[in-house]
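I opened this notebook page to record what I looked up, entry by entry.

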Amino acid sequence: MTRGLILGSARLGAMDRSVLVTGASRGIGAATARAFAAEGDRVAVHYSSSPDAAKEVLQSLPGTGHVLAQADLADPEAIRQMVDGAAAALGSIDVLVNNAGIYEPHPIRQTSYDQWQNAWTNTLAVNLIGPANVTWCAVQHMPRGGRIINVSSRGAFRGEPNQPAYGASKAAIISLTQSLARSLGPEAIAVTAIAPGWTTTDMAAEALSGDGYHRRRLESPLERVAAPNEVAAAIVYLASPLAEFATGTVLDFNGGSHLRM
Ligand SMILES: NC(=O)c1ccc[n+]([C@@H]2O[C@H](COP(=O)([O-])OP(=O)(O)OC[C@H]3O[C@@H](n4cnc5c(N)ncnc54)[C@H](OP(=O)(O)O)[C@@H]3O)[C@@H](O)[C@H]2O)c1
């Protein structure tokens with residue numbers, strides 16, 4: 001048996017892991033929190049501005065030992081307090097899922113220079129620098145044999161014409177994934193990314209309403225979009241002991257709507 005599998009089964013195979021999921025008040029993050037809890041893990045349900053939704057998610061989780069964790073990911077000090085609090089409550093952080101994100105329209109021809117700058121500043125703060133800061137703080141509490149899963153997007157590869165900062169942030173988080181996979185690999189901390197396509201959440205609600213829904217579901221040869229629990233199941237797989245060797249990679253999860261070599 002390899003070193004990774006030994007460490008994996010000792011540290012991560014018992015399914016009593018402590019898991020921090022950012023953006024777990026809604027959508028993919030809420031489904032991910034439920035999927036880890038169903039495995040027997042203890043989950044820190046992170047939220048920013050939706051305390052009631054986060055409490056509902058917390059109360060819906062099977063098992064015990066779950067906690068809430070609040071921070072605006074644009075605020076580095078709030079992140080430090082949130083991560084330290086989650087780690088204190090859970091005892092450590094075995095698995096970090098950097099899921100929280102924003103998707104603000106700022107098409108270049110219809111956006112003033114001020115709006116353009118704000119969109120880039122806000123998007124990179126929440127989608128890139130925030131996860132980088134959450135990761136730094138979480139690694140301080142991460143034992144040997146941990147997992148970090150970063151939620152990227154299909155948009156990292158095919159472009160986001162109306163949300164260019166979003167596309168750039170999702171490409172950059174893949175680069176962060178690769179860098180940290182190399183720096184943390186010697187500690188048996190595996191770092192991966194997942195790049196979902198359209199998924200039925202609040203973020204995609206407008207794009208998936210009316211005619212947009214039919215156009216977008218037909219982007220996939222399966223003629224549908226994803227449900228949040230499908231993305232969640234893939235994230236749980238990436239955190240599993242047998243997925244350690246996937247470190248540094250990106251799992252495309254877009255129903256074949258954007259295929260690449
Ligand atoms: N849905 C899709 O089609 C799709 C496709 C590809 C990739 N993704 C990615 O999947 C991830 C989850 O997306 P989703 O569709 O589930 O989104 P969502 O339903 O809009 O939920 C977004 C989550 O992010 C949190 N969040 C937003 N701004 C924040 C901030 N400033 N600080 C901290 N947390 C913040 C929200 O918390 P509060 O509600 O508490 O503020 C919420 O829990 C994102 O990274 C997104 O880019 C989604």
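Is Glu244 buried or exposed, and why? I noted first that the model is predicted. I then looked up the relative accessible area of Glu244, which is 16%.

I next located Glu244 in the chain. I found Glu244 in the loop that runs between helix H9 (228–238) and strand S7 (250–253). I also checked Glu244 against Gly145, which is 99 residues away along the chain. The C-alpha atoms of Glu244 and Gly145 are 8.9 Å apart.

I counted 32 residues around the ligand, of which Ser49, Ser50, Asn99, Tyr166 and Thr201 come nearest. By class, the shell holds 14 nonpolar, 14 polar and four charged residues. I recorded that helix H2 (27–38), strand S2 (42–47) and helix H7 (164–184) each contribute at least two residues to this shell.

In the side chain of Ser50, an N or O atom lies 2.6 Å from a ligand oxygen atom. At Ile28, a backbone N or O atom is 2.8 Å from an oxygen atom of the ligand. For Thr199, a polar backbone atom is 2.9 Å from a ligand oxygen atom. Finally, I looked up how much of the ligand is covered: taken alone the ligand exposes 910 Å², and the protein buries 94% of that area.

Key: Residues numbered from 1 in each chain as written. Predicted model: local features only at pLDDT ≥ 70, side-chain atom pairs only at ≥ 80, totals over all residues. Heavy atoms only, no water. Near = heavy atom within 4 Å. Polar contact = N/O pair within 3.5 Å; in protein donor to acceptor, adjacent residues only side chain to side chain. Areas by Shrake-Rupley, 256 points an atom, 1.4 Å probe, with all protein chains shown as cover. Helix = DSSP H or I, 4+ residues; strand = E, 2+ residues; numbered from the N terminus. Nonpolar A, V, L, I, M, F, W, Y, C, P; charged D, E, K, R; others polar. Buried < 20%, exposed > 50% of the residue type's maximum accessible area, 1.4 Å probe, protein only.
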